[in-house]
Amino acid sequence: MHRTHPEDRAFLQETLDQVARDRKAFDFEHRLLMPDGSLKYVRVVGHPSTNHESGNFEFVGAVTDITDRKRAEDALRRSEGYLAEAQRLTQSGSWAWNVRTGARFWSQETFRIFGCDPEKVKPTWSDILERVHPEDRPAVVQRTEMETTQRVDSEIDFRVVLPDGGIKHLHSIAHPVMDESGEITEIVGTLMDVTERKRAEALRDGESHILEMIARDARLEETLENLVRVVEAQFAGLLCSVLLLDEDGQHVRHGAAPSLPQPYTDAIDGLCIGPKAGSCGTAMYRREPVVVADILQDPLWELYREVAKPYGFRACWSTPILAHSGEALGSFAMYYREPRSPSPAETRALEMATHLAGIAIELKLAREERERLRQARADLAHVTRMTTMGELTASLAHEIKQPISAAVTDAKTCLRWLRRDDPDVAEAGEAASRLIKDVTRAADIISGINLMFKKGAPQRELVDINELIQEMIVLLRSEASRYSISIHCDLANDLPQIMGDRVQLQQVFMNLMLNGIEAMKDMGPGGELTITSQYDNRQLVISVGDTGIGLQPEQTGQIFDAFFTTKPQGTGMGLPISRSIIESHGGRLWASPNPGRGATFQFTLPSEGALHQVA
């Protein structure tokens, strides 16, 4: 007894006492602790017997050293445990199919993958087919038939439908086992649950599709609806919605919820966010995710429980959609019709969807802000044009009066030639031709003025810059003449036309030319306004120079700042607007003092993509 392992002594003594009382055969195992500290496992077997010589009752038996067998069994158990754990971690099961008997073996992980209880279900072919997705059954049947005849490994991907309606994507690899005659006796293989991989691939594909929609400036409503459908397709029974936070920062507005009942989305549209405003309103209020596992029990839904109850909603998890500034833009929510918390895969999908929704919403807001800014600039430019044209009323009236007066004279001359006793038709025709020319000139001036007064969205068209310069000279010639200022042109021939907004470019020329006239009007007679155009390095370079008071070096940058002006009655907006117009056409505008007197303003306009050359 002293060699018996201390932990086994009580068991051994109890067993021996029981054997002595019952006088029956016995068979048990225990451990021995050897002098060197090592362990031995022994098996003790015996049966009762009567000694023929003495007539005494005794036990006859044997003790067998089973240490090696025990160690082998322990190693096998550990190996099986490691294998089961490895299969669980990798979501890979093993299986075998005896082709001759039809018997099947599944590992514990294979049972788990198929959603079966190994204590209740014995794997059969009908059990397998019952689980396989109806659309995949023909392929699975065909592959199984091929496995029994082909002596090569095979693989197949298929789906199974679990009792709760969930779908798993599986990948199976089969290997045939043959006997000595080459006949297939058994098929062994592995079964891998690749649902997460398939889901990740689908979400990546969906993410790429949504980003493409954002890149091509698709409507926000369309983008959000597609995003919701991408996420819903990955989880059975999932319903998603996007709510947008109103401009007032207090009320929610419908964004996208293609699978939610319309009466429900109508009911929550316009609700106020707050500390107990369901999942979405609370998430936007807190600016942090809100997980409600049971709507009927959670106090956050106390005020809205009756709204959700008719539609069977029980779980709702919502994550706020935040701008880079941290401001709440809306929320992305997941609904289920049974109480539950999100799985890691659902949490990842929710985070991805929220991120993409944030990108789409922020880009829409940025576009709207740019449009508001563009409209504000257009309105400001229009007001500036109106102000400028108002200041030029006297000069423009004089400019229009000249051709009209000439036209009247030509008309009278024409009538005089026709009323003679011997009408001179030739002379009358020449007078009529001059009349047409003068009237056309007046009409062109009025048309140019009308364009300057025009208000509307920018209209890009092919523009001949030299022609535009000549038009502006006609409009401003009288204003220059009032101060004895001459206008000179040096325009390059065959300049390419550019795509631009004629009215906006007219405003740039008007601002620069009037600035030059303003700078020279108090300098005495002899002022010169010089306009040049040239083509250099695939761009048009236009300059407007004067011989006026000039610029201080530090003013060359300041004059383009809003509200900076060197004129007593100036608004300080003409040059900033001009620079904005030129930059919107892909060019740049700058100023520099002349070596002698005055200053020169230059700007570039790119000619890439010009379709025509001026003939």
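## Aromatic pairs

Two rings of Phe, Tyr or Trp, the last taken by its six-membered ring, count as a pair if their centres lie within 6.5 Å. By that rule, a search of the whole structure, which is a predicted model, gives 11 aromatic pairs.

One of them joins Tyr264 and Tyr335. Their ring centres are 5.8 Å apart. The planes meet at 90 degrees, and over 60 counts as edge-to-face, so this pair is edge-to-face. Tyr264 belongs to helix H8, residues 262–268. Tyr335 belongs to strand S13, residues 328–336.

Phe313 sits in the loop between helix H10 (305–308) and strand S12 (315–322). From there to Tyr335 in strand S13 is 22 residues, and the pair links distant parts of the chain. Phe313 is buried, as is Tyr335.

These contacts are part of a wider group. Ring pairs join Tyr264, Tyr311, Phe313 and Tyr335 into a cluster.

## Arginines over tryptophans

Two Arg–Trp contacts can be described next. Arg104 lies over the face of Trp97, 4.5 Å from the ring centre. Arg588 places its charged end over the ring of Trp590, at 4.0 Å from the centre.

Strand S7 covers residues 167–178 and pairs with strand S6, residues 154–161. The two run antiparallel and are joined by eight bridges. Across this pairing, Arg159 stands opposite His169 of S7. S6 and S7 make a hairpin, with five residues between the strands. Gly165 lies in the turn and has a positive phi of about 90 degrees.

S7 also pairs with strand S8, residues 184–193. This pairing is antiparallel too, over nine bridges. Ser172 stands opposite Leu191 of S8. S7 and S8 form a hairpin as well, with five residues between them. The turn holds Gly182, whose phi is positive at about 90 degrees.

Methods. Residues numbered from 1 in each chain as written. Predicted model: local features only at pLDDT ≥ 70, side-chain atom pairs only at ≥ 80, totals over all residues. Heavy atoms only, no water. Pairing = 2+ DSSP bridges. Helix = DSSP H or I, 4+ residues; strand = E, 2+ residues; numbered from the N terminus. Phe/Tyr/Trp six-rings, centres within 6.5 Å; stacked < 30°, edge-to-face > 60°. Buried < 20%, exposed > 50% of the residue type's maximum accessible area, 1.4 Å probe, protein only. Lys NZ or Arg CZ within 6 Å of the ring centre and 35° of its normal.
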